[in-house]
Amino acid sequence: MRRRRFVQSGLVTAAGALVSAMEGAQDAFARGKALTGADEEAERAAETDKAEEAARRAAAEEQPEGTENPDAEGSAGTALYRIGDRGQQVQALQQQLAAGGYWLGTTDGGFGHLTQQAVFALQKAHGLSRDGVIGPNVRAALASGSRPSPADGGDHVEVHLASQIILIVRGGSTTTVLNTSTANGEQYVFKGRTYTAVTRPGDFSVWLQHPSGWKGGELGQMWRPMFYSGNYAVHGSRSIPPVPASHGCARVSVAAMDMIWAESVMTMGSRVLVL
């Protein structure tokens, strides 16, 4: 009887130990699982941080070195504005550009293609970097109120090759400044012969007009061209970069060419001075 109670007691003790061991194992497993979950959460947080850092780096690389994000908070005098921006500040800057003679169409508060063209023209006229962005240097140039002086008096149009701008001159004073792109000086092949793209300087007169739409030229499409010397013309184009890019003509925006026609800036026999 005593032996049976002893065995039973031993079995109870062993069972208790086994239960304790199992509970300990379960606790250890739970702790390990919790630790694993924390590790996974930490890894996810680290991956999120890496993704956000990569996004910030990519956004920074999209902007020119040394510039600020135009959407960032800052004073109106230090903020940068570029194509695609809009608002009251943009409209105020457009009004300043227009008042300075840098034509951009309607001052509607939207920084579009024509506003960029006006900024290019101002930057060229003042010897600034031609990036099409309104920043402190452009504001300073606007505040100066100065515009390029014409080379001659009277009423005429001047194509300035060095600075890549067109001046509309009335009564011996510059009334309007346009961005233009003339010959790039590169060689090209036409009908099996090699030519060099050149815009010849000289004193010319409009001798031929194409009043409506696109005119197919030997080297590309021209919007409502005004021919002033042979096949050389001032004409509208969809591409007017801030650098020389044409085969010889003086490109302006399509809207600027429409303005030239609407305001009779150039007519048959009108003077075109290329210098």
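This is a predicted model: local features need pLDDT of at least 70, side-chain atom pairs count only at pLDDT 80 or more; totals for chains, interfaces and linings use all residues.
**View 1. Pro 136 in helix α4 and its spacing from Leu 80.** Although Pro 136 and Leu 80 are 56 residues apart along the chain, their C-alpha atoms are separated by 7.9 Å.

**View 2. The packing of helix α3 with helix α4.** Helix α3, which covers residues 113-125, packs with helix α4, residues 136-144, at an angle of about 75°, and the two axes are 10 Å apart. Because angles of 65 to 115 degrees count as roughly perpendicular, α3 is described as roughly perpendicular to α4. On the side of α3 the contact is made by Val 119, Leu 122 and Gln 123, and on the side of α4 by Val 138, Ala 141 and Leu 142. Sorted by class, this contact of α3 with α4 has 5 nonpolar residues and 1 polar residue, with no charged residues.

View 3. The strands follow the order β3-β2-β1-β12-β6 in an open sheet whose pairing is mixed. The edges are taken by β3 (173-179) and β6 (202-205), each of which has a single partner strand, so one side of each is left without a neighbour in the sheet. On average, and with direction ignored, neighbouring strands of this sheet are turned by 20° against each other. Helix α3 packs on the sheet, where it touches β2 (165-170) and β3, and the direction of α3 makes about 115° with that of β3.

**View 4. The pairing of strands β1 and β12.** Strand β1, residues 156-160, and strand β12, residues 271-274, run parallel and are joined by 3 bridges. Val 159 stands opposite Val 274 in β12.

View 5. Trp 214 and Trp 223 form an edge-to-face aromatic pair, with 5.2 Å from centre to centre and 65° between the planes. Trp 214 counts as partly exposed at 28% relative accessibility, while Trp 223, at 17%, counts as buried.

Definitions and conventions:
Residues are numbered from 1 along each chain as its sequence is written. Side-chain values use heavy atoms; hydrogens and water are left out. Axes are lines fitted to C-alpha atoms, for helices over the stretch in contact, and angles run from 0 to 180 degrees between N-to-C directions. Helices (H or I, at least four residues) and strands (E, at least two) are DSSP runs, numbered from the N terminus. Angles under 35 degrees count as roughly parallel, over 145 as roughly antiparallel, 65 to 115 as roughly perpendicular and the rest as oblique. Contact means heavy atoms within 4.5 Å. Ala, Val, Leu, Ile, Met, Phe, Trp, Tyr, Cys and Pro count as nonpolar, Asp, Glu, Lys and Arg as charged, and the others, Gly among them, as polar. Two strands pair if DSSP finds at least two bridges between them. Rings of Phe, Tyr and Trp (its six-membered ring) pair if their centres lie within 6.5 Å; planes under 30 degrees apart count as stacked, over 60 as edge-to-face and the rest as tilted. Buried means under 20% relative accessible area, exposed over 50%, partly exposed in between (1.4 Å probe, protein chains only).
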